[in-house]
Amino acid sequence: MSAYAITGILHIFAMSISMISVAVIIIMKWQKVISITRINRTLLVLAGFIMLISGMYFMIDYYSEITEIKGVAAPVRVLDVWIVISLQYAWLNLLKKLVFKEDKKPIYLFMNITYIGFLICSGLIYGFAMDRRYFVSDERIRFATAIEEVLTAVVIIAISIYFLYHMLKQREKKDFAEVRSFCVAGTIVMIAEAIQECYIGLRLSLGFTVLQEYNPDNMNITPILRGIMAVLILLYVAKHCMLTQYQKRPEDVMRNGKILDTDSIIERMAVDKALTERESIIVKLLYEGSSYRDIAEYLYISVNTVKHHITSLYRKLGVSSKMEMRGMIREAQQKELNKSDNQP
């Protein structure tokens with residue numbers, strides 16, 4: 001199998017894995033397991049961008065070989081570069097929300113300004129200066145295109161290195177420990193992605209190669225990098241959106257060698273929030289990890305009726321997902337523990 005064919009398979013792999021992440025997030029939201037927080041929204045956007053750009057590259061590079069269509073129209077070229085730039089900036093924004101959420105430094109304003117500036121410049125260049133095969137014929141515009149490609153890569157790499165440096169400094173930060181590997185690995189991948197995209201963009205715009213002929217005999221690492229990023233996102237979604245529902249910390253289960261009484265916490269919460277008896281039972285079952293179908297079979301009701309009860313109890317509790325409900329119960333447990341510890 002040629003390197004060209006392997007690259008095509010890698011495009012499909014990256015597209016498929018990112019599609020799974022998108023589907024998992026949407027299904028969990030639909031099932032009210034999670035709410036679409038800023039982090040979950042950014043993960044959804046990241047996975048969507050990888051899915052779209054991998055699909056586009058596969059169509060441009062491989063489907064065109066079958067149809068013998070050479071070159072792409074201006075809207076496709078602009079969409080191509082906009083998705084790539086947006087993917088890289090979406091990652092930087094995810095880092096801000098995961099690791100630097102308390103920071104108010106000017107670099108975040110700089111990120112937003114450069115993002116808008118690069119979208120405008122690349123839209124003009126890819127929409128009007130380039131031909132159907134990404135070549136720029138005018139020498140002056142070709143020089144400006146090269147500057148824009150290099151500047152985009154330099155800015156993204158510089159911001160990524162800045163984040164990477166501060167992440168490594170925060171090695172002992174407790175709330176960062178769980179996502180450290182994900183953030184560091186993803187940032188390294190994005191730095192490599194920016195370098196590779198700059199290299200390909202320069203070769204195309206300067207005429208060293210033409211579209212659909214730049215990698216027939218050499219492996220293009222772009223789909224490898226996007227495949228790695230897609231896997232990282234899927235692992236994050238699985239661990240922090242799915243498995244977290246069923247992973248309890250030891251301090252949430254035991255205190256001084258005794259198992260904590262979750263039932264009494266839920267019962268008091270049910271009284272305070274005026275939950276019905278059936279809603280109280282459903283809260284207990286949800287907290288212990290029962291599925292909608294399991295609850296429906298246990299209570300001899302339909303799944304739709306279970307969903308109706310869950311919508312009602314979420315409204316009464318002031319939450320929008322199972323994650324928030326579990327967090328609310330654990331917070332109440334912690335308050336009880338603190339109160340008992342303070343008693344003589």
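In the protein chain, 78% of the contacts with a separation of 6 or more are accounted for by residues 24 or more positions apart. The structure is a predicted model, in which the chain has 14 helices and two strands. Of its 344 residues, 47% are buried, and the chain exposes about 17,800 Å², of which 64% is supplied by carbon and sulfur atoms.

Seven aromatic pairs are found when the whole structure is searched. One of them is formed by W91 and F182, whose arrangement is edge-to-face, with 5.3 Å from centre to centre and 70° between the planes. This pair links distant parts of the chain, since W91 belongs to helix α3 (residues 74–98) and F182 to helix α7 (residues 180–205), 91 residues apart. W91 has a relative accessibility of 0% and therefore counts as buried; F182, at 9%, also counts as buried, because the category covers residues under 20% relative accessible area.

The rings of Y162 and F163 have their centres 5.8 Å apart and their planes at 55°, so this pair is classed as tilted. Y162 counts as partly exposed because its relative accessibility is 25%, whereas F163, at 0%, counts as buried. Both residues belong to one aromatic cluster, which is formed by F100, Y108, Y162 and F163.

Charged side chains also lie over aromatic rings. K96 is placed over the face of Y108, at 4.9 Å from the ring centre, and Y108 is itself one of the residues of the aromatic cluster.

Technical notes
Residues numbered from 1 in each chain as written. Predicted model: local features only at pLDDT ≥ 70, side-chain atom pairs only at ≥ 80, totals over all residues. Heavy atoms only, no water. Helix = DSSP H or I, 4+ residues; strand = E, 2+ residues; numbered from the N terminus. Buried < 20%, exposed > 50% of the residue type's maximum accessible area, 1.4 Å probe, protein only. Contact = heavy atoms within 4.5 Å. Areas by Shrake-Rupley, 256 points an atom, 1.4 Å probe, with all protein chains shown as cover. Phe/Tyr/Trp six-rings, centres within 6.5 Å; stacked < 30°, edge-to-face > 60°. Lys NZ or Arg CZ within 6 Å of the ring centre and 35° of its normal.
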